[in-house]
Amino acid sequence: MVTTLLFAALLINAATFAAFWSDKRRAIAGERRISEASLLQLALIGGSPGALAARYLFRHKTRKEPFSTRLLLIVAIQAGAGIGLLIL
């Protein structure tokens, strides 16, 4: 069970990281981009660590508002939920 959950978390974070990387490449090439809503949905379903890592490494969407605020809100809610589960 725990192994399955860890694998799922790794998979969603890898997919989120790849989506941010792809969006950055598309932005540089002037191609059609991945929607901000899709990127935020990936973060919401558990890919927020991958999203934060990709933002930092690729310097992608770091100054874009309200995207940055929404992503940080997702991270804060997930961190709070995680801490709450550990306490219980």
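Setting aside neighbours within four places in sequence, R33 touches D23, R26, A27, H60 and K61, where contact means heavy atoms within 4.5 Å. R33 sits in the loop between α1 and α2. With a relative accessibility of 36%, R33 counts as partly exposed; the cut-offs are under 20% relative accessible area for buried, over 50% for exposed and partly exposed in between, with a 1.4 Å probe and protein chains only. From R33 to L71 there are 38 residues in sequence and 18 Å in space, C-alpha to C-alpha.

A word on the numbers: this is a predicted model, in which local features need pLDDT of at least 70 and side-chain atom pairs count only at pLDDT 80 or more, while totals for chains, interfaces and linings use all residues. Residues are numbered from 1 along each chain as its sequence is written, and side-chain values use heavy atoms, with hydrogens and water left out.

As for the overall layout, the protein has three helices and zero strands, so its elements read α-α-α from the N terminus on; helices (H or I, at least four residues) and strands (E, at least two) are DSSP runs numbered from the N terminus. The C-alpha atoms fill a box of roughly 50 × 25 × 20 Å along the principal axes. Of the 88 residues, 25% count as buried. Among contacts between residues at least 6 apart in sequence, 67% join residues at least 24 apart.

Next comes the pairing of α1 and α2. The axes of α1 (residues 2–29) and α2 (residues 36–58) come within 7 Å and cross at roughly 55 degrees; these axes are lines fitted to C-alpha atoms over the stretch in contact, and angles run from 0 to 180 degrees between N-to-C directions. The two helices are therefore oblique to each other, given that under 35 degrees counts as roughly parallel, over 145 as roughly antiparallel, 65 to 115 as roughly perpendicular and the rest as oblique. Residues of the α1 contact with α2 divide into 15 nonpolar, six polar and three charged.

The largest nonpolar core has 11 residues, among them F20, A43, A51, L71 and I74; such a core is a set of buried Ala, Val, Leu, Ile, Met, Phe, Trp, Tyr and Cys residues joined through side-chain atoms within 4.5 Å. At least two residues of this core come from each of α1, α2 and α3 (67–87), and α2 gives the largest share, five residues. Leaving aside neighbours within four places in sequence, A43 is in contact with S48, A51, L71, I74 and Q78.

Technical notes
Ala, Val, Leu, Ile, Met, Phe, Trp, Tyr, Cys and Pro count as nonpolar, Asp, Glu, Lys and Arg as charged, and the others, Gly among them, as polar.
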